[in-house]
Amino acid sequence: MRHRVAAALLATLLLPVLAGCGTDAASGQEAAGAASPAPSDDVTASLKKNASLAALLPEAVRKRGTVRIASSVGAPPSAYYPDASTSRPAGQDIDLADAVGKVLGVELRREEASFEAILPALGSGKYDVGTGNFGVTDVRRKTIDFVTYINDGQGFAVRADDKSLGKVTRLDQLCGKTVGVGAGTTFEATLNSRKGVCADAGKKPYKVSVYSENGALLTSLQQSRVDVVMSTINGLRYQAAQPAAGVRFLGEFHRLDVGFAFAKGSPLLKAFQGAVNQLIDDGTYRRILDKWGTGDSAIEESRISPPEKK
């Protein structure tokens, strides 16, 4: 019984961390609802439409006055439901997208979607833009364009009572361990493409366990079926700061730019880039990141589909 209660508590508190740079995997509103109360300050209230940036939008978008946005909603600090009784998401990604909408003078018609469904749906035209802590990789840039808004990346965490690992910054430090990741994420791709590091070091290989649901992964961590979780730096740091989560952050592996995702060649790119850069210049961007405790991941300038950080 104690194991089941602990696992349920951990799953509730840890719902953000399966993907991002793979992204935060979408989770049900009820499951994520108790994760954390949302900061109450409205840091975007004073924003006004910038007519010159709005003029960069396609005529059809200006006429209808709306942008269709798909959001992967998991947990803080990226995007989550602070109140299970409502369908109103909160988080860094939510505030940044809302701020861009105000600067461009458009209404965001938000629809929750799972991480793995968003990128293909952009290509089909179902959505205009997607958010979900999408890391900018060279593979993704072949079919998707990005407007960057933060620098996040890949990191590791274990249960707080697991002392078998110290600081981890290299994959060969995971040799012999079972590493849990979310399906379709950069974490899964990174681990599978670099399995040879353990053989090169003369060590037993690590095993990759892939989960399509946060709850299953986090229960596995609590019950020691996986030794380590690989997920977003900001998500794991946030969870490690919550004592009840019982998680210890091990270190960063690889930083990635994160951005709004668009179909390749989208006519919205310049307008969104301009809006993010205005938010950086006028201080709104810093206030949003400070609100969610992610100031260390600030960027100096938004870029369109930059090369993957190596």
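I began with helix α7 (residues 138–141), where R141 and D138 both lie, 3 residues apart, about one turn of the helix. Helices here are DSSP runs of H or I with at least four residues, strands are runs of E with at least two, and both are numbered from the N terminus.

The model is predicted, so I kept its limits in view: local features need pLDDT of at least 70, side-chain atom pairs count only at pLDDT 80 or more, and totals for chains, interfaces and linings use all residues. Residues are numbered from 1 along each chain as its sequence is written, and side-chain values use heavy atoms, with hydrogens and water left out.

**Salt bridges**

I found R141 in a salt bridge with D138, the closest N and O atoms being 3.0 Å apart. The term requires a side-chain nitrogen of Lys or Arg within 4 Å of a carboxyl oxygen of Asp or Glu. R141 is partly exposed at 22% relative accessible area, and D138 is partly exposed at 25%. I took buried as under 20% relative accessible area, exposed as over 50%, and partly exposed as in between (1.4 Å probe, protein chains only).

I noted the count of salt bridges by this rule as 15.

I then looked up R68, which forms a salt bridge with D128, the closest N and O atoms being 2.7 Å apart. R68 lies in strand β1 (residues 66–71) and D128 in the loop between α6 (115–124) and β3 (129–131), so the pair ties together parts that are 60 residues apart in sequence. R68 is partly exposed at 33%, whereas D128 is buried at 12%. R64, R68 and D128 are linked in a network of salt bridges.

I also recorded R170 and D172, whose side chains meet in a salt bridge at 2.9 Å, N to O. R170 is partly exposed, with 44% relative accessibility.

**N151**

I placed N151 in strand β4 (residues 144–159). N151 is buried, with a relative accessible area of 14%. Leaving aside neighbours within four places in sequence, I listed the contacts of N151 (heavy atoms within 4.5 Å) as R255, L256, D257, S297, I299 and K309. From N151 to N234 I noted 83 residues in sequence and 9.5 Å in space, C-alpha to C-alpha.

**Helix α12**

I located D282 in helix α12 (residues 269–282). D282 is partly exposed, with a relative accessible area of 35%.
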